[in-house]
Amino acid sequence: MFIIAGLGNPEKKYFGTRHNVGFDTIDALSDKYNIGLTETKFKAAFGKGRIGNNRVILVKPLTYMNLSGEAIRPLCDYFKVDSASELIVISDDVELDVGNLRIRPKGSHGGHNGLKNIIAQLGHSDFSRVRVGVGKKPKEYDMVDWVLGHFQGEDAVTMKESVSRAADAVVEIMENGVDSAMNKFNGKKE
């Protein structure tokens with residue numbers, strides 16, 4: 001069984017922001033595989049289903065970004081999921097160009113507070129992650145304003161495609177492993 005957690009902020013005002021591309025990817029998986037996020041427990045909205053031969057739990061933490069681990073850790077414990085091999089976390093990345101993906105089997109939080117909290121809660125950083133590029137912050141922007149801003153114009157179109165690619169990358173991780181997903185999806189957008 002895999003837990004697939006997309007990071008974001010739960011209020012409607014945050015829908016469609018750069019910080020919520022993890023939620024957007026969970027929505028794409030939910031729609032494509034008909035897995036409703038109908039349960040709420042452990043500070044999360046989640047749904048159980050199947051993607052291919054894999055049993056999955058799609059998760060949106062309801063804790064706000066900076067406390068994401070407070071939802072993910074209890075879910076991993078409750079469902080007896082090995083967080084090192086059966087947890088996939090999807091998040092935004094301000095160091096990547098809009099639409100680029102970076103898949104890693106483990107690593108640091110890279111300054112991302114949601115990932116930082118997950119690592120702190122789990123006690124390790126050995127979980128798979130799919131990072132979706134939302135573009136570097138322009139000098140005139142405050143970081144909070146940038147990540148809580150909405151995509152405009154061509155970036156909005158690019159992100160719709162990139163969220164779909166991120167969902168495909170998650171499936172590739174489950175079916176063929178992280179290395180295969182890295183080879184297929186890391187780097188420039190198609």
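# How the helices and strands get their labels

User: At what angle do the axes of H5 and helix H6 (residues 178-185) cross, and what makes that angle count as a particular class?

Analyst: The axes of H5 and H6 come within 7 Å of each other and cross at roughly 150°. Here an axis is a line fitted to C-alpha atoms (for helices, over the stretch in contact), and angles between N-to-C directions run from 0 to 180 degrees. The classes are: under 35 degrees roughly parallel, over 145 roughly antiparallel, 65 to 115 roughly perpendicular, and the rest oblique. With roughly 150°, the pair is over 145 and therefore counts as roughly antiparallel.

A word on the source: this is a predicted model, in which local features need pLDDT of at least 70 and side-chain atom pairs count only at pLDDT 80 or more, while totals for chains, interfaces and linings use all residues. Residues are numbered from 1 along each chain as its sequence is written, and side-chain values use heavy atoms, with hydrogens and water left out.

User: Which residues of H5 and H6 meet?

Analyst: From H5 come Arg165, Asp168, Ala169, Glu172, Ile173 and Asn176, and from H6 come Val178, Ser180, Ala181, Lys184 and Phe185; contact means heavy atoms within 4.5 Å. Sorted by class, this contact holds five nonpolar, two polar and four charged residues. In that sorting, Ala, Val, Leu, Ile, Met, Phe, Trp, Tyr, Cys and Pro are nonpolar, Asp, Glu, Lys and Arg are charged, and the others, Gly among them, are polar.

User: Why are H1 and H5 called roughly perpendicular to each other?

Analyst: Take helix H1 (residues 21-33) and helix H5 (residues 153-176): their axes come within 9 Å and cross at roughly 70°. That angle sits in the perpendicular class, so H1 and H5 are roughly perpendicular. On the H1 side the meeting residues are Val21, Asp24, Thr25, Ala28, Leu29, Lys32 and Tyr33, and on the H5 side Met159, Val163, Ala166, Ala167, Asp168, Val170 and Val171. This H1-H5 contact has ten nonpolar, one polar and three charged residues.

User: How many strands form the open sheet, and which are its edge strands?

Analyst: Seven strands form it, in the order E2-E3-E4-E1-E5-E7-E6, with mixed pairing. Two strands pair if DSSP finds at least two bridges between them. Strand E2 (39-41) and strand E6 (101-104) are the edges, as each pairs on one side only.

User: What makes E5 and E7 a pair, and what is the sense of E3 and E4?

Analyst: Strand E5 (residues 87-93) and strand E7 (residues 128-133) run parallel and share six bridges, so they meet the requirement for a pair. Within this pair, serine 91 has arginine 131 in E7 as its bridge partner. E3 and E4, in contrast, run antiparallel and are joined by eight bridges, and arginine 50 stands opposite arginine 55 in E4. Their hairpin has two residues between the strands, and glycine 52 in the turn has a positive phi of about 65°.

User: Which strands does H1 lie across?

Analyst: H1 lies across strand E1 (2-6), strand E3 (44-51), strand E4 (54-61), E5 and E7, and runs at about 140° to E4.

User: How do you know that the protein chain is as compact as a globular protein of its length?

Analyst: First, the parts: the chain has six helices and seven strands, counted as DSSP runs (H or I, at least four residues, for helices; E, at least two, for strands) and numbered from the N terminus. The radius of gyration is 15 Å, close to the 16 Å from the globule rule for 190 residues, so the chain is as compact as a globular protein of that length. The radius is taken over C-alpha atoms, and the rule is 2.2 Å times the number of residues to the power 0.38. Along its principal axes, the C-alpha trace spans about 45 × 30 × 30 Å.
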